[in-house]
Amino acid sequence: MNILSPRLGILRFSTILRQHRVLVVRNLATSPATRVSMDGLKVHNSLRPGPPMPFAPIEKGKLSWYACGPTVYDHSHLGHARNYVSTDIIRRILLHYYGFNINFVMNFTDIDDKIILKARRQRLFEIEKKKQYTETKLTELGMAAFRAYAKSNLPKIIESDDPLDLENYASRRDTAYGHVLLAGGTLTGEGKPGDDEAKLKMHANNMNAAVAAIGSSQVFSGAEEILLPYFDSLYKESLDTSDQTIFTSLTQLMENSFTEDMDNLNVLRPDVVTRVTEYVPQIASFVERVVEKGFAYEAEGSVYFDIAAFEKAGNTYARLRPESRNDKVLQEEGEGSLGKSLSGKKGPGDFALWKKSKPGEPYWPSKWGNGRPGWHIECSVMASDVLGPRMDLHSGGIDLAFPHHDNELAQSEAYFCEHGHEHTWVNYFLHMGHLSISGSKMSKSLKNFQTIKDALASTYTARSLRIVFLHGRWNDGVEITPSMRAQADGWETTVNNFFTNVKSLLVEANNGTTTIQNGVGELSITENTPKEGLLAELAQAKEDVSAALSNSFDTPQVIRVIADIIRKANIHIGAPDGERDLAAVESIARWVTKIVGILGLDANARPPYDGLGWASLAAADVDPTTAVRPYGIAYYCILSDAKSLDIPASETWTGLLNQLPGPEFNALVESGVRDPEKLGLPYVRAISKLRDELRRLVPSASPELKKSILELSDRIRDYDLTNIGVYLDDRPDGQASLIKFIPAAELIAARDEKAAKEAEKAKAKEQARLAREKAEAEKWEKAKVAPQDMFKADERYSEWDGEGMPTKLKDGSEVPKAQLKKLKKEWDRQNKVHGEYVTKFGGS
């Protein structure tokens with residue numbers, strides 16, 4: 001079956017399957033969580049700037065979607081997370097809210113100028129490191145690379161007759177670029193700092209590091225950033241690039257790293273993955289057809305797209321960003337840094353479909369000689385191969401709009417158009433907004449990024465990062481500020497606490513095995529229940545979320561609706577027990593669970609997201625005995641300690657000491673329950689009842705027994721249960737403690753934080769005590785001196801009267817009256833405190 005065009009017959013499905021390895025990873029979650037009518041759904045479409053437009057798929061209920069994947073030459077950063085997590089949110093909404101069947105295709109760009117440069121430079125660097133250099137030669141090498149780097153990237157500091165060296169570098173740098181590096185200005189003196197200024201700072205930092213490295217004879221370990229381009233300029237043509245492992249060893253490593261990052265961010269894997277290296281013959285055939293149709297031309301072994309011919313035939317170029325079509329900077333970036341030496345273009349905006357390979361670059365055979373694909377052509381070929389001549393959705397970061405996506409559109413439409421009629425290759429183009437850092441987009445090339453791995457290890461969880469992105473519109477730029485982060489963290493805490501409290505109240509209200517087995521579904525409200533009170537609020541929240549999602553996936557509004565319905569539910573929870581509609585509260589909690597599941601906030605949950613709260617890590621084949629062991633150990637340890645207390649016998653106490661959680665646990669196992677929290681609940685409930693009784697006995701206990709009871713009670717709450725992820729929320733007036741399952745790591749962190757604060761408070765208290773004691777000692781030491789003696793050791797005076805008041809200065813002159821007046825006040829004060837000293841300590 002011809003999958004591109006019945007008439008062209010160039011790319012055939014059976015051939016493609018033989019010639020490349022398409023990784024097909026069907027989503028584990030393809031069944032929709034809920035099916036909501038797509039009528040009224042509107043989407044921002046970059047092809048039609050302005051308000052969202054009605055969304056109409058090519059085939060009802062199905063979507064074809066191609067997403068531009070990463071260029072795999074380095075580890076992924078938070079800017080990539082912004083793009084792919086936002087894309088995943090939209091995909092999940094379409095899958096699990098609207099119920100679409102989606103064929104989601106993503107590529108890996110594994111042939112690219114950036115890949116070639118990095119892989120080649122790394123190989124040359126390793127070769128050079130193995131050479132034997134004397135210290136003098138090593139310094140000469142470092143200085144040659146240092147000056148070459150400065151010439152290319154900080155040219156103003158070499159505009160002097162004297163050569164640049166380690167001594168004059170700093171002063172030249174500050175003179176030439178201090179207004180940017182030190183004062184925070186711009187290169188032009190106008191506007192706000194942006195990418196150009198960020199790039200300048202990056203180059204200056206590389207030079208600064210090189211100065212330290214060369215000065216300490218640590219050239220290879222500290223000056224790598226300046227050595228890499230220098231070695232490349234000298235030896236790039238010496239590499240045998242027929243051995244493509246030079247490049248694939250890098251791309252395969254980075255592809256695996258990216259996939260791991262996406263898994264850790266709970267991003268659904270694509271249904272189909274494509275790679276450029278697996279499509280080169282098809283790309284060459286595609287380019288041949290564009291040339292045959294008169295929309296491209298060969299020049300000196302390369303092939304360029306002919307924009308003038310394309311437009312003359314009635315087609316439109318730069319559909320997405322017409323205002324950028326003559327932007328030379330963007331055009332050069334689109335061609336790649338290795339394409340600057342290519343020549344033969346008819347028009348300045350014409351772009352490479354096929355590049356002649358130069359020495360030091362990978363190559364593949366073609367009718368024009370050895371070469372490699374241009375950047376943009378890859379997506380046209382791979383997307384068309386899998387999805388055909390027309391697709392519903394194409395997405396990527398906003399920085400790809402021009403020239404990459406505009407060029408994709410042009411070459412694809414050139415391939416498919418017939419008889420002078422324009423061809424629609426993409427119906428809807430979705431562009432994710434930038435993630436900015438201090439006004440500059442987060443970028444590998446600017447080295448102003450935090451990798452996803454580092455972020456997840458130190459700053460974020462997958463959930464907290466996704467919540468940050470949900471607080472902004474997917475097509476708007478995002479700059480993560482402290483206030484935005486605090487807002488996102490506050491929302492997450494609100495949801496966490498709500499889930500925990502609702503589950504605790506339901507456990508308390510339903511104290512039997514059946515409820516635990518079935519969750520709390522027996523309390524659930526059917527759709528036919530009349531809507532009033534909280535249920536009316538829930539119905540309105542559902543309508544509001546539907547409206548928000550229909551308005552081009554307005555997730556900030558969804559976040560606000562969820563926060564508002566939780567606020568109303570919390571107010572209701574605080575009502576007296578007799579007025580509390582727990583079933584309505586539960587319905588709200590289940591609906592919130594469904595929505596946060598659809599948004600991808602629960603990595604452990606699967607559609608249709610019918611649970612309550614965050615899903616546990618429990619697997620279907622979990623061993624119940626293993627799962628419940630921590631709870632059992634805690635129970636029997638606490639039971640043993642409780643029995644050792646000298647508590648007077650009573651029917652209640654005897655009954656509590658003889659609780660048997662085992663039979664209830666066995667019943668749960670037999671009914672198929674595998675959730676660790678539900679399996680452990682019989683043991684936790686038994687512990688909670690024991691502790692509640694201990695707390696009840698405190699007022700009537702003897703002082704010694706009271707101390708023992710309180711110590712055990714606190715230990716149960718703060719250690720025994722905390723360590724297994726259980727929190728007992730003590731309540732007044734003899735009410736039973738609420739059982740709350742909270743991740744052990746959170747409880748332990750809170751306990752440690754509390755302990756640290758208490759230790760700090762105790763330390764401050766002790767320091768204050770010591771300071772008071774010191775001040776008190778100094779006070780009495782000073783008071784110990786009799787007023788008659790206090791001035792006699794002062795060298796300013798030479799004579800004193802009978803009370804010890806100075807009468808003459810050192811030079812024999814009389815003490816001035818004004819000074820005598822001041823001295824008399826000091827004498828009187830000392831006389832008073834000395835009297836207090838004598839009274840307190842005795843003496844004369």
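# A guided tour of the predicted model

Begin by selecting I595, which is found in helix 21 (residues 582-598); helices (H or I, at least four residues) and strands (E, at least two) are DSSP runs, numbered from the N terminus. This is a predicted model, in which local features need pLDDT of at least 70 and side-chain atom pairs count only at pLDDT 80 or more, while totals for chains, interfaces and linings use all residues. Residues are numbered from 1 along each chain as its sequence is written, and side-chain values use heavy atoms, with hydrogens and water left out.

**Around I595**

Is I595 buried or exposed? I595 counts as buried because its relative accessibility is 5%, where buried means under 20% relative accessible area, exposed means over 50%, and partly exposed lies in between (1.4 Å probe, protein chains only). If residues up to four places away in sequence are not counted, I595 touches Y97, V545, V558 and I562, a contact being heavy atoms within 4.5 Å.

**S436 and G79**

Move on to S436, whose place is in strand 13 (residues 435-437). S436 counts as buried because its relative accessible area is 16%. Select G79 as well, and you will find the C-alpha atoms of S436 and G79 separated by 7.9 Å, although these residues are 357 residues apart along the chain.

Zoom in on strand 7 and strand 8 (residues 302-305), which run antiparallel and are joined by four bridges. A296 stands opposite F305 in strand 8, and the bridge partner of A299 in strand 8 is S302. These two strands form a hairpin with two residues between them, and in the turn E300 has a positive phi of about 55°.

While you are here, select Y297 and K346: the charged end of K346 sits over the ring of Y297, 4.6 Å from its centre. A charge sits over a ring if NZ of Lys or CZ of Arg is within 6 Å of the ring centre and within 35 degrees of the ring normal. For another example, select R91, which lies over the face of F104 at 4.2 Å from the ring centre.

**Aromatic rings**

Rings of Phe, Tyr and Trp (its six-membered ring) pair if their centres lie within 6.5 Å, and planes under 30 degrees apart count as stacked, over 60 as edge-to-face and the rest as tilted. By this rule the count comes to 31 aromatic pairs. Select F108 and F258, an edge-to-face pair with 5.7 Å centre to centre and 85° between the planes. This pair links distant parts of the chain, since F108 is in strand 5 (residues 101-108) and F258 is in helix 9 (residues 245-264), 150 residues apart. Both F108 and F258 are buried.

Then select Y635 and Y636, which form an edge-to-face pair with 4.9 Å centre to centre and 70° between the planes. Y635 counts as buried because its relative accessibility is 0%, whereas Y636, at 47% relative accessibility, counts as partly exposed. To see a cluster, select F125, Y133, F220, Y230, F231 and Y235, which form one aromatic cluster.

Select helix 14 (residues 401-416), whose 16 residues reach 21 Å from first C-alpha to last, close to the 22 Å expected at 1.5 Å a residue; the expected span is 1.5 Å times one less than the number of residues. Helix 14 is mostly covered, with 16 of its 16 residues buried.

Finally, select helix 28 (residues 817-841), which has 25 residues and reaches 35 Å from its first C-alpha to its last, close to the 36 Å expected. Which residues of helix 28 are buried? In helix 28, L823, W827, Q830, H834 and Y837 are buried, and what covers the buried residues of this helix includes helix 27 (744-783), strand 18 and strand 19. Strand 18 (residues 797-800) and strand 19 (residues 806-809) pair in the antiparallel sense over three bridges, and Y797 stands opposite L809 in strand 19.

Notes
Pairing = 2+ DSSP bridges.
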